[in-house]
Amino acid sequence: MLADLEEGIDVAVLYPTAMLTWIEEADIYGAACRAYNNWLHDYCAVARSRLYPVALVPLQDPQAAIVEMTRAFEHLG
């Protein structure tokens, strides 16, 4: 990813694509969201000032979405 930024791009916003697939089981999708967000946080650690992650939340369960959004913001940045 950083090699792509050497083409004159200062920053990149990384957002989920394949993970946006709807899964009916909110608890399973919630666990997948947490795992993805943890991975993305670690992935962006190499260049925090240039790579900006967008958290994925389980929209099937609004309360779980709020919890994961809060966790991503407060604990993952």
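The following dialogue examines the terms used to describe this predicted model.

Mentor: This is a predicted model, in which local features need pLDDT of at least 70, side-chain atom pairs count only at pLDDT 80 or more, and totals for chains, interfaces and linings use all residues. Residues are numbered from 1 along each chain as its sequence is written, and side-chain values use heavy atoms, with hydrogens and water left out.

Trainee: What makes up the secondary structure of the protein?

Mentor: The protein has three helices and two strands, in the order α-β-α-β-α along the sequence. Helices (H or I, at least four residues) and strands (E, at least two) are DSSP runs, numbered from the N terminus.

Trainee: How do you know that the span of helix α2 is close to the expected one?

Mentor: The expected span is 1.5 Å times one less than the number of residues. Helix α2 (residues 26-44) has 19 residues and reaches 26 Å from its first C-alpha to its last, close to the 27 Å expected.

Trainee: Which residues of α2 are buried?

Mentor: Buried means under 20% relative accessible area, exposed over 50%, and partly exposed in between (1.4 Å probe, protein chains only). In α2, Y29, G30, C33, Y36, N37, L40 and C44 are buried. Seen down the axis of α2, its buried residues fall within an arc of 125 degrees, so they line one face of the helix; the arc is that of the directions from the helix axis to the C-beta atoms. The exposed residues D27 and D42 lie on the face turned away from the buried side of α2.

Trainee: Against what do the buried residues of α2 pack?

Mentor: They pack against β1 (12-14), β2 and α3 (62-76). Contact here means heavy atoms within 4.5 Å.

Trainee: Is E68 counted as buried or exposed?

Mentor: E68 has 3% relative accessibility and therefore counts as buried.

Trainee: Why is Y52 called partly exposed?

Mentor: Y52, in strand β2 (residues 51-53), has a relative accessible area of 41%, which falls between the two cut-offs.
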